[in-house]
Amino acid sequence: MTWVTPLHDVTRHDIAIAGGKGANLGELVRAGFPVPDGFVVTTTAYNTFVRRTRIADELRPGIKGAEARALFERTIPAELASAIAEAYAGLGDEEDDNVVVAVRSSATAEDLADASFAGQQDTYLGISGRDQVVDAVRRCWASLWTDRAIAYRDKAGIDDADVSLAVVVQRLVDADAAGVMFTANPANGRRTETVINAAWGLGEAVVSGEVTPDELVVADHRVLHRTIADKEKHTIRDDGGTHAEPLPEHRRRASVLNDEQALALVDLGHRVEELFGAPQDIEWALADGTFWLTQSRPITALPEPTGPIPTSWPTERSDGMYMRASITEQLPDPLSPLFADLARPAVTHSLKNVLDRYFGSDALHADDFDFPTVNGYGYYFYSTAGMGRMMRMAPGGMRTVFGATNLNGVTLWRDRGLPGYRHVVDEWSERDPGTLEGAELLRGASEITAAGAEYYTYVQAVIPQAALPEIVFTRLYNALVLGRPNVDKPPALTFLLGYESTPIRAERSLYQLATWCRKTPGVAEAVLADRPVPPEHADEFKRRLDEHLANFGHLTYNLDVMQPVAADDPAPVMAALKNAVSGHATNPDARLEHLASERHRAEAWLDRNVGPVRRKMLHKWLEKAHRLGPLREDALADIGLGWPTARRLLRELGSRLAAAFVIDDADDVFWLRLDEAEHAADALDLAQSTRPAETSPATGKPDDGQPDGGEDTQAEASAAKSRKPRGDETTRQDERACSATEQTPDSKWQTGAPLAREVEQRKQTWRGQRLAPPPGWLPQSGFYYRLFKRFMPSNETEQTGPTLKGLGASSGQATGPARLLLGPEDFTKMRPGDVLVAPITTPAYTPFFAMAAAVVTDVGGPLSHSSIVAREYGIPAVLGTGSATHRIHDGDIITVDGEHGIVRLQTF
């Protein structure tokens with residue numbers, strides 16, 4: 001292509017010569033959309049200019065914007081300037097050869113699907129005259145080298161040498177109104193909603209943010225929502241370009257577009273979206289009743305579609321109380337539909353067992369407790385009558401919990417709870433999911449979930465027994481020894497730190513792997529750069545990582561089985577490993593050794609300075625705290641033992657359903673209700689059992705779907721089931737799906753498509769629910785609410801203003817950027833010195849405490865994992881704020897005061 005080309009000769013594939021803006025506009029022109037006439041000054045022209053004027057030789061890496069732009073003051077070669085002027089003249093007619101135009105930059109790294117670069121280069125409106133147009137083109141070229149454009153490219157990882165610039169010159173629409181249209185809602189990601197911003201005059205005031213525009217949300221051929229802004233000014237043409245001037249009072253609050261105009265504009269937007277095959281960010285202008293399109297680019301960073309955020313919390317029953325405590329502290333998000341259905345009977349049954357164990361079988365009746373969901377969140381339900389009976393029997397139950405009997409919590413956990421759970425997990429872990437029928441896959445996941453829920457009741461019995469000695473020792477020491485704080489007396493906490501537990505062992509394991517990486521040539525560099533490990537060390541690296549995951553890959557971030565664990569998605573582990581390899585992480589052995597040394601010195605001080613009676617009493621409780629304290633973290637860490645296996649079973653079923661086109665993706669199985677998964681599994685099992693055996697062309701024997709060759713090839717065959725079939729296999733799977741649907745009367749999922757749509761709607765609903773902080777107690781009234789409110793693991797008070805109040809669980813004060821870790825998908829964002837802000841933290845979060853300056857959570861109490869680990873690391877922690885993840889934004893600079901339980905928020 002030459003220096004200049006008409007827009008109608010450009011296609012979307014010509015980004016290299018027309019830039020993103022020019023390529024998209026050319027595609028619109030060719031498709032017949034209303035686009036102002038114009039031409040493109042191609043990247044060839046830019047490259048000719050910088051080469052002939054020797055600017056290219058002086059645009060060295062790291063050059064500053066002002067210095068670079070000064071180079072572009074050089075004169076454009078006459079031949080090139082003449083080509084631009086001639087093209088401009090072609091836009092006019094015999095009566096007007098000084099047509100008014102818009103001159104817009106169009107970079108090759110602009111208006112792309114993954115990076116818009118919006119506003120990084122310059123636009124000039126209201127330009128007329130040949131010399132003025134040529135000069136505007138030169139200024140556009142120079143804008144490729146502003147400080148903001150250079151910084152934007154650097155942040156996006158785009159080399160300056162790889163970027164060039166075209167310029168689009170078009171007739172300027174002298175607009176009565178203009179604005180921007182998003183064919184998907186950028187606020188909530190809903191593809192069914194179109195958002196229009198509209199203001200009077202030219203669109204520059206909207207794009208630049210000089211004026212607050214009207215906003216309309218359109219869906220289902222109607223205006224759902226309209227906000228009429230107070231539009232103080234508008235942009236209009238003048239002899240030298242454009243300027244903003246105040247609007248008359250009567251137009252400031254007048255609606256820019258009526259409903260008919262909005263619907264017509266949305267229809268135009270939908271056609272553009274269909275042309276490009278993706279939601280679009282479109283700039284438009286309205287002149288004399290006609291809409292014109294002046295730009296279209298993909299919407300980048302469009303969030304996934306989000307449903308409404310709940311504002312009310314309706315419950316199924318009114319004869320009791322719903323509370324979020326205990327196991328729900330490990331379930332900070334709304335539950336996935338399948339896990340909700342698996343967990344409800346499992347938790348209810350396990351709850352009955354533990355209450356029968358400590359209070360007797362007559363304490364609660366069958367309808368006195370449940371584990372339902374409210375707006376997707378898991379809640380314990382207790383009837384008012386059942387709670388009353390349990391309260392009357394509580395003294396006897398407490399004697400059992402803390403007594404030296406075979407119902408003792410630690411004894412039960414060690415001798416019955418953990419072995420029983422391991423037995424169920426081992427039984428299903430030894431079975432190859434690829435050889436099981438769909439109904440068996442679901443049964444295995446159900447049994448593991450039930451075993452996990454049962455195991456949690458043993459953990460609940462361990463926690464108070466392990467925590468009591470620490471509490472008693474601290475209170476006795478403070479009362480009998482410490483008295484008023486004294487710098488010469490060690491605080492009670494010093495006596496309790498420096499002991500090993502499963503999370504600390506996991507941290508040590510990862511640190512040892514990092515140490516090996518640093519000592520092995522090329523490995524550390526590869527890990528830090530996210531590159532493959534050098535081939536000569538790849539096997540050993542994999543062996544060491546696999547060993548770590550085998551021992552600790554079951555640690556859960558969230559008990560919902562939908563959420564990956566490190567065993568099947570090691571990305572969070574790799575993020576923590578990078579931190580350790582970089583040298584930012586503390587050596588856990590050195591930290592433990594230091595804490596143990598401090599503890600020994602404190603104990604020696606105690607023996608020297610405290611009388612024998614008090615010393616004996618304190619040592620009694622201290623010995624119990626040392627022996628039992630670490631068991632609390634050990635017990636909690638093993639809750640997820642069965643989750644890797646349960647996920648393998650369910651994802652195997654999901655792979656089969658995806659292959660049969662019942663759902664779109666294997667992981668969509670978690671968004672099915674249990675009855676839907678059972679129907680689908682039964683239908684596929686029936687179809688498989690009635691399908692005639694196929695003859696293997698290699699052996700001449702009936703083909704059972706498993707290749708010969710032992711375990712490796714069986715594993716390959718199982719993995720192959722997770723891939724969508726192609727070619728002839730697609731035909732066979734279509735037949736299989738049809739056969740399956742013919743065998744079931746349940747029409748809800750017969751074609752696959754209705755179920756896929758249902759899954760997508762559930763995901764949207766879940767995302768909206770996740771944005772609502774769930775109340776810890778429903779309804780928030782009554783005798784039991786007032787009685788238990790102060791014991792709830794999160795602040796139930798609505799908090800506003802510049803501070804958040806929670807529980808000061810680890811003393812000290814730290815300031816730093818907040819890093820919201822809502823789940824493992826966020827762990828790669830964590831940097832040393834960040835303040836870790838999360839709904840909860842579980843043992844799987846431990847490596848990130850080594851990076852954190854402080855910790856803030858929505859949920860958590862003095863006996864929670866967050867509290868214990870933060871004290872071990874010596875970092876401040878404020879827990880149980882109730883709303884930290886909803887009030888703190890990623891990157892906010894916040895101050896955490898662990899002494900007073902206060903978080904000071906960023907204010908502007």
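Which exposed residues does the face of α5 turned away from its buried side carry? In this predicted model, they are A78, E79 and E86. Helix α5 covers residues 78–89, and its 12 residues reach 16 Å from the first C-alpha to the last, close to the 16 Å expected at 1.5 Å a residue. The buried residues of this helix are L80, A81, I84, A85, A87 and Y88. Because they cover an arc of only 160 degrees around the axis, they lie on the same side of α5. What they pack against is a set of both strands and helices: β1 (4–6), β2 (38–41) and β3 (101–107), together with α2 (43–52) and α6 (130–142).

The nonpolar interior comes next. In soluble globular proteins, nonpolar side chains tend to be buried together. The largest nonpolar core here has 83 residues, and the members that touch the most others are Y382, L650, L657 and V669. Helix α15 (residues 438–482) supplies the largest share of this core, with 14 residues. Around V669, leaving aside residues up to four places away in sequence, the contacts are L338, L650, L653, G654, L657 and I663.

Several of them involve helix α26 (residues 753–770) and tie it to distant parts of the chain. R770 meets D333 in a salt bridge at 3.3 Å, N to O. R770 belongs to α26, while D333 sits in the loop between β14 and α11 (337–359), and the two are 437 residues apart. D333 counts as buried because its relative accessibility is 7%, under the 20% limit.

K763 forms a salt bridge with D668, their closest N and O atoms being 2.7 Å apart. Here α26 is linked to the loop between α22 (643–659) and α23 (674–690), where D668 lies, 95 residues from K763. Both K763 and D668 are buried.

The side chains of E676 and R762 form a salt bridge at 2.8 Å, N to O. This pair joins helix α23, which holds E676, to helix α26, which holds R762, across 86 residues of sequence. E676 and R762 are both buried. Elsewhere, salt bridges that share partners join E500, R505, R508, D589 and D634 into one network.

G307 and R762 are 455 residues apart in sequence, yet their C-alpha atoms are 8.8 Å apart in space. G307 is in the loop between β13 (290–298) and β14 (320–323). Is this glycine buried or exposed? G307 is buried, because its relative accessible area is 6%, under the 20% limit. Not counting residues up to four places away in sequence, G307 touches R190, Q764, T765 and G768. Of these contacts, Q764, T765 and G768 fall within the residue range of α26.

The cysteines complete the picture. A disulfide is a covalent bond between the sulfur atoms of two cysteines. How many disulfides does the count come to? The count comes to 0 disulfides. C140 counts as buried because its relative accessibility is 0%, and C517 is likewise buried at 0%.

Methods:
Residues numbered from 1 in each chain as written. Predicted model: local features only at pLDDT ≥ 70, side-chain atom pairs only at ≥ 80, totals over all residues. Heavy atoms only, no water. Helix = DSSP H or I, 4+ residues; strand = E, 2+ residues; numbered from the N terminus. Buried < 20%, exposed > 50% of the residue type's maximum accessible area, 1.4 Å probe, protein only. Contact = heavy atoms within 4.5 Å. Disulfide = S-S within 2.5 Å. Core = buried A, V, L, I, M, F, W, Y, C linked by side-chain atoms within 4.5 Å. Salt bridge = Lys/Arg side-chain N within 4 Å of Asp/Glu carboxyl O. Expected span 1.5 Å × (residues − 1). Arc of directions from axis to C-beta.
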